Amino acid sequence: MTLIVIKTFSGDDINKLNQDLWRTIYTKGNELHFGGVDEPKNAREIFAVIQLYGKALQDLYEGKLPKGWKFGEAANKVYIEMLKDANKGEQPYTYGERLHAYPADPQSEYVYDQMFEARCALIKAIEDKIQTNRICGVLWSPADIRLHDPPCFNWFQLRLSESNKVSLRILFRSNDAANAVFANMGAVIRVFVDEVIKPAGGELEEVIWTATSEHICLTDFDQVEALIGKVPEYMRRFLK
């Protein structure tokens, strides 16, 4: 039996968080063979829970990315626009559409603005001083299982902890640790703070980011090894 490796990370320094995440996946991750028959991929993965607070939140909100990343702030800006734009165009879905115009009834044109509803619910929770855990939203639709490239970003929750302090919880079914996760984080933080948390009078205190498959493709190992150093394959078993 091969059980999935489950790891938690917590901190306010995106460089350290990134190094710890990469090192853990590289040295302790399970082998993963995924993608499709026409486009198979090989990687190493863990189930990751990443808690961010303090300076890490500010850095990511400002579009900063950790050392060692190939893609700079341009990647962050692209992700922000993807989350803000409700128009999916010719695509089967976009994150912006699912957040701002969720197709609540496939048989009609009615759509559901989850960001607006989340903001209204957060305003009421702050006014009522209720530590609610009911402000949740989904980006997954059951029909997505048929798609060639279904959404990786699946669920969110805004949890009011005390006064106006907000904990933002995010779930990804699949997350690329070498090329996506911190750019994803920065975009999600920016959009949720600007559209939901700040207008509601809240203050983002932490983000808890869960990825059921936080992975690094074997094709990105050179990038990872340049930052954390290379570990010979025969030594990996001693590090698990």
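Helices (H or I, at least four residues) and strands (E, at least two) are DSSP runs, numbered from the N terminus.

Some ground rules. This is a predicted model, so local features need pLDDT of at least 70 and side-chain atom pairs count only at pLDDT 80 or more, while totals for chains, interfaces and linings use all residues. Residues are numbered from 1 along each chain as its sequence is written, and side-chain values use heavy atoms, with hydrogens and water left out.

Back to H7. Which residues of H7 are buried? Phe-221, Gln-223, Val-224, Glu-225 and Ile-228. Buried means under 20% relative accessible area, exposed over 50%, and partly exposed in between, with a 1.4 Å probe and protein chains only. The buried residues of H7 pack against helix H1 (14–28), E3 and E8. Contact here means heavy atoms within 4.5 Å.

Asp-220 is buried, at a relative accessible area of 8%. Its side chain makes a polar contact with the side chain of Asn-179, at 3.0 Å. A polar contact is a pair of N or O atoms within 3.5 Å; within protein, one must be able to donate a hydrogen and the other to accept it, and residues adjacent in sequence count only if both atoms are side-chain atoms. Setting aside neighbours within four places in sequence, Asp-220 touches Lys-70, Asp-176, Ala-178 and Asn-179.

Next, E8 itself. Why call E8 largely enclosed by the rest of the structure? Because 11 of its 15 residues are buried.

Who pairs with E8? Two strands pair if DSSP finds at least two bridges between them. E3 pairs with E8 in the antiparallel sense, over 10 bridges. There, Ala-48 has Ala-211 of E8 as its bridge partner. Strand E6 (residues 165–172) pairs with E8 in the parallel sense, over 8 bridges. Leu-171 is partnered by Thr-210 of E8. Strand E7 (residues 175–176) also runs parallel to E8, joined by 2 bridges. Asn-175 stands opposite Glu-214 of E8.

Stay with E3 for a moment. Arg-44 lies in this strand, residues 40–53. Is Arg-44 buried or exposed? Buried, with a relative accessible area of 6%. Its side chain reaches the backbone oxygen of Tyr-26 at 2.6 Å.

Another strand pair. E4 (residues 135–138) alternates its side chains. E4 and strand E5 (residues 153–160) pair in the antiparallel sense over 4 bridges. Leu-158 of E5 is the bridge partner of Ile-135.

Last, a helix pair. Helix H5 (residues 114–128) packs on helix H6 (residues 181–197) at an angle of about 60 degrees, axes 9 Å apart. That makes H5 oblique to H6. Axes are lines fitted to C-alpha atoms, for helices over the stretch in contact, and angles run from 0 to 180 degrees between N-to-C directions. Under 35 degrees is roughly parallel, over 145 roughly antiparallel, 65 to 115 roughly perpendicular, and the rest oblique.

H5 contributes Met-115, Ala-118, Arg-119 and Leu-122 to the contact. H6 contributes Val-191, Phe-192, Glu-195, Val-196 and Ile-197. The tally for H5 with H6: 7 nonpolar, no polar and 2 charged. Ala, Val, Leu, Ile, Met, Phe, Trp, Tyr, Cys and Pro count as nonpolar, Asp, Glu, Lys and Arg as charged, and the others, Gly among them, as polar.
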